[in-house]
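Please read the points below with the structure open beside you.

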Amino acid sequence: MSQVSPQMEWTLLPPLTDELPYTFDNGAAFNGFNAECDHCGDMIELPLIKGRMATVAGNRCVLMAAAECPSCSGVCHYHYLLNAEGELSAERLDHSQYKEQ
Ligand SMILES: [Zn+2]
């Protein structure tokens, strides 16, 4: 039970909640998201998610986060482009690893 993942860097990230709520230039706020495990589909609570937000021009930001699922111990990566132009929307950037239902 002491396996060391080759992808350890994400564990060094600060808790995503340190960055929340994130406020865009236009005043729109992002308070976090409901994460779902890519492996078993269970919900992963926000306090378990680590990551950071990178501001992009035009009321957008890139969310880079990861979490270890408490149910299956699978590590999930979340990579989203958030767009607060108009209604807040999120586009997942890592579609290659993600199967649409
Ligand atoms: Zn899981």
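**Notes on the predicted model**

1. By the same rule a residue is buried at 20 or more and partly exposed in between, with C-beta atoms placed from the backbone. Ser-89 is found in strand β8. Ser-89 and Arg-60 are 29 residues apart in sequence, and their C-alpha atoms are 9.5 Å apart in space.

2. This is a predicted model, in which local features need pLDDT of at least 70, side-chain atom pairs count only at pLDDT 80 or more, and totals for chains, interfaces and linings use all residues. Residues are numbered from 1 along each chain as its sequence is written.

3. The protein chain has eight strands and zero helices. Both are DSSP runs numbered from the N terminus: helices are H or I with at least four residues, strands are E with at least two. Read from the N terminus, the order of elements is β-β-β-β-β-β-β-β.

4. Four strands form an open sheet in the order β5-β6-β7-β8, with antiparallel pairing. Its edge strands are β5 (50–56) and β8 (89–92), each of which pairs on one side only. From one strand to the next the twist averages 25°; axes here are lines fitted to C-alpha atoms, for helices over the stretch in contact, and angles run from 0 to 180 degrees between N-to-C directions. Strands of a sheet pair through backbone hydrogen bonds, either parallel or antiparallel.

5. Strand β6 (residues 60–68) and strand β7 (residues 75–83) pair in the antiparallel sense over nine bridges. Two strands count as paired if DSSP finds at least two bridges between them. Cys-61 has Leu-82 as its bridge partner in β7.

6. Of the 101 residues in the protein chain, 16% are buried. The largest nonpolar core has 15 residues, and those with the most contacts inside it are Ala-65, Ala-67, Cys-76 and Tyr-78. β6 and β7 each supply at least two residues of this core, and the largest share, five residues, comes from β6. Such a core is a set of buried Ala, Val, Leu, Ile, Met, Phe, Trp, Tyr and Cys residues joined through C-beta atoms within 7 Å.

7. Beyond its neighbours within four places in sequence, Ala-65 is in contact with Leu-16, Ile-49, Lys-50, Gly-51 and Tyr-78. Contact means that the C-beta atoms of two residues, placed from the backbone, lie within 7 Å.

Terms used:
Buried ≥ 20, exposed ≤ 12 C-beta atoms within 10 Å, placed from the backbone.
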